[in-house]
Amino acid sequence: MSQIDQRQTQKLLQKLSPQQIQMIKLLELPTMQLEQRIQREIEENPVLEEENNDDKDEQPKEVSMEEYFAEDDTPHYKYHINNFSKDDEKRPVYLSEGQSFTDYLNEQLSFKQLSPKDNTIAQFLIGSLDDSGYLRRDLTAIADDIAFSLGIEVSEQEMEKILKLIQQLEPAGIGARSLNECLILQLKALPKLNKAQKLALDILSNHFDEFIKKHYEKLIKKLGVSENDFKEAIEEIIKLSPKPSNLYSDGNRDNLPYITPDFILDYQNGIFDLKLNSSNIPNLKVSKRYVDMIREIASSNGTGKDMSNDNKEALQFVKSKIDSAKWFISAIKQRQDTLMRTMQAILNYQQEYFVDGDQLKLRPMILKDIADITSLDVSTISRVVNSKYVQTQFGIIPLKQLFSEAMQTDSGEEVSSYEIKNILSKCIEEEDKRKPLTDEVLMDILNSKGYHIARRTVAKYREMLGIPVARLRKQLQ
């Protein structure tokens, strides 16, 4: 007869507090989204306000009250982290004229007849789009974020409805959750479809798996169309953009999308000058008016049992808002400090590369290298690096591009995996598209050049470059 065995065990579980979660999210935000996040916080918390020039000369007054009610003692990130004021004679940081991509979408949104709640949700969804214009996160997870950060409960059905509205904005394909949906949205946005475009829509809507696997002969037979009609449909698909955000740049498809760099790096006379791009980030402070309000309530009513319930509620409300404002100011400063600390370590590590931007000078560098230097967690470095850019004298560089693995040549020299990727890109670019090079052939080419690399590593680097397998690179005669 079996016996029930009951045992008591102890487990140590780490659960992040709401403030820790908010701190992580602040760290992940690129500069443009940080500006929006700060403005939203200012709108939601009346105690938080921008500091003007007059405030900088104002000295806090002595008060004989409990420490909490003292003037704001949060470290000012004046809160400048190697920041420069708008009056400084520094070169501007604008990458293209006109509004940002997010502003462009929000401007279109303003012409829609939306309720305040739906408009807030739509703006949150727009802010959740990635650099390519895709919505990569699950709607349920975004709804949870909205409930947590904005206090708005929204169902998945409501989210789906608002997303459909965003997908009607320009450029076509924006807000798609997959490549297939992105291409279909672009075709459906056309005013009138011709014969080839209708066939292209049918292929994408009903035969996408076979299409991406390039089972062309099978598709021609299944669709009952001629090879020429099929080729014309494929040409229509090729015209579409896999990255909808690239269709926006002051109306010019040939330009790169608008990017705001997070760091500005100058190099003159052998000296590097690194700054955070914080020219549009306002200096924040706790409103003196609300501090005075608390002082007045406390001094006129006392802080004990004599205080009325209304005054107690008012006092508690303002106190919670001041706490929230102080935390937010401190969190912004911590974010800026962490970003500068990380970028300075990257600059020191890749100093030779930052002189002229020669990729062959990039040292092998992984997240752990920078984590060890800064004494920060690898996860923290990952969040700093993700979606962040540095403006240099040779262009705007995504920080992720600076990280690579180490490889060894026949001579024992350690080189960056970028060198391998460059050779792969060049080989594939020059291949006969009727007979694309397989991963095994590419491995042989690299081995002949002194780079001992396995076929599976070739496949990994090819995938990192966004290049499909040989079969999918094959083109019709």
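Colleague: What is the bridge partner of Ile264 in β5?

Modeller: Gln391, in this predicted model. β2 and β5, the latter covering residues 389-392, run parallel there.

Colleague: What makes β2 and β5 count as paired strands?

Modeller: The cut-off is at least two bridges. β2 and β5 share 2 bridges, so they qualify as a pair.

Colleague: And why are β2 and β3 called a pair?

Modeller: At least two bridges are needed, and 6 join β2 (residues 263-268) to β3 (residues 271-276), so they pair too, this time antiparallel. Phe263 sits opposite Leu276 there. In the hairpin, 2 residues lie between the strands, and Asn269 has a positive phi near 55°.

Colleague: Why is the contact of Glu158 with Lys117 called a salt bridge?

Modeller: Their closest N and O atoms are 3.4 Å apart. The limit is within 4 Å, so the contact qualifies. Glu158 belongs to helix α7 and Lys117 to helix α5, 41 residues apart, so the pair links distant parts of the chain.

Colleague: What makes Asp337 and Lys333 partly exposed?

Modeller: The class runs between under 20% (buried) and over 50% (exposed). Asp337 has 30% and Lys333 has 22%, so both land in between. They also form a salt bridge, with the closest N and O atoms 2.6 Å apart. Being 4 residues apart in helix α14, they are about one helical turn from each other.

Notes. Residues numbered from 1 in each chain as written. Predicted model: local features only at pLDDT ≥ 70, side-chain atom pairs only at ≥ 80, totals over all residues. Heavy atoms only, no water. Salt bridge = Lys/Arg side-chain N within 4 Å of Asp/Glu carboxyl O. Buried < 20%, exposed > 50% of the residue type's maximum accessible area, 1.4 Å probe, protein only.
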